[in-house]
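Hi,

Here is the structure I promised to pass on.

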Amino acid sequence: HKIRREVGAILVGKGTVHDDDPMLNVRYGFLKKGYKNPDLIILDTNATLPETIRLISDTSRNIYFVGDVCPSFIAIYPHLHFFKISRHRVDFWETLLAKLYDIGIKSILIEGGAGIYTSALEANIVDKCIFYIAPKLFGGKNDVHVFSASDKVSLDDIYQLNHLKVR
C-alpha cells in the first residue's frame with residue numbers, strides 16, 4: 001500500500017480483476033494522511049468483464065479500460081474511460097504509455113498477471129521489479145506462475161536483474 005500511494009496508476013489484466021475482484025486501493029490510514037487512490041488501468045481486450053466488478057463502484061479515481069472493444073457500461077459512469085489500443089499491436093506498450101503520459105500519468109505499478117508481466121519485460125518498459133514473498137508456500141504444477149512461458153531458452157537470452165536489494 002505504501003507503493004500504491006506513490007504511483008499515478010495501477011495496471012492489471014482482466015484475469016486478475018475477474019478472478020480476485022480486487023479493490024487495488026490505498027489502505028492502512030494512508031488516505032487520512034492526504035494520499036489518494038491511484039487511477040486504474042485494466043487491460044480487457046474484448047470487454048469481457050462484467051459491470052458487477054467492485055472496482056466500478058470506486059468513484060474516487062479514474063478507471064481506464066484498454067482493448068479492442070469498449071465495455072458497454074462505460075458511458076454510464078463518468079469516472080470510467082476507454083482507450084482503443086489492441087494488445088496485438090507491435091507498439092502496444094509504447095502507445096499506451098504515451099496516452100497515459102498525455103493525461104498526466106507518469107508512473108504505473110503493474111500488479112498482474114503473468115502474461116502482462118512478461119509482455120512488459122519483453123517490451124523493455126520495466127524500470128523496477130518488486131517481489132513480496134508471503135511466509136507460506138503453496139501451489140502445484142498447473143498453477144499460474146509469476147511470468148508466462150517465453151522463448152527465452154539460453155542464459156544469454158534471459159532477463160538480467162540489476163541493483164538487487166533484499167529487505
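Below are my notes on the sheet, a helix and a pocket.

This is a predicted model, where local features need pLDDT of at least 70, side-chain atom pairs count only at pLDDT 80 or more, and totals for chains, interfaces and linings use all residues. Residues are numbered from 1 along each chain as its sequence is written, and side-chain values use heavy atoms, with hydrogens and water left out.

Start with the open sheet: five strands in the order β4-β3-β2-β1-β5, with parallel pairing. Strands (E, at least two residues) and helices (H or I, at least four) are DSSP runs, numbered from the N terminus, and two strands pair if DSSP finds at least two bridges between them. β4 (80-84) and β5 are at the edges with a single partner strand each, so one side of each has no neighbour in the sheet. β1 and β2 run parallel and are joined by five bridges, and V12 sits opposite I42 in β2.

Next, helix α3 (residues 114-122). Its buried residues (under 20% relative accessible area, 1.4 Å probe, protein chains only) are A114, I116, T118, S119, A120 and L121. They pack against β1 (9-13), β2 (39-43), α2 (92-102) and β5 (108-110), with contact meaning heavy atoms within 4.5 Å. Just after α3, N124 has a positive phi of about 60°.

Finally, which helix gives the largest share of the lining of the second largest pocket? That's α1, with four residues.

Cheers

Note on methods
Buried means under 20% relative accessible area, exposed over 50%, partly exposed in between (1.4 Å probe, protein chains only).
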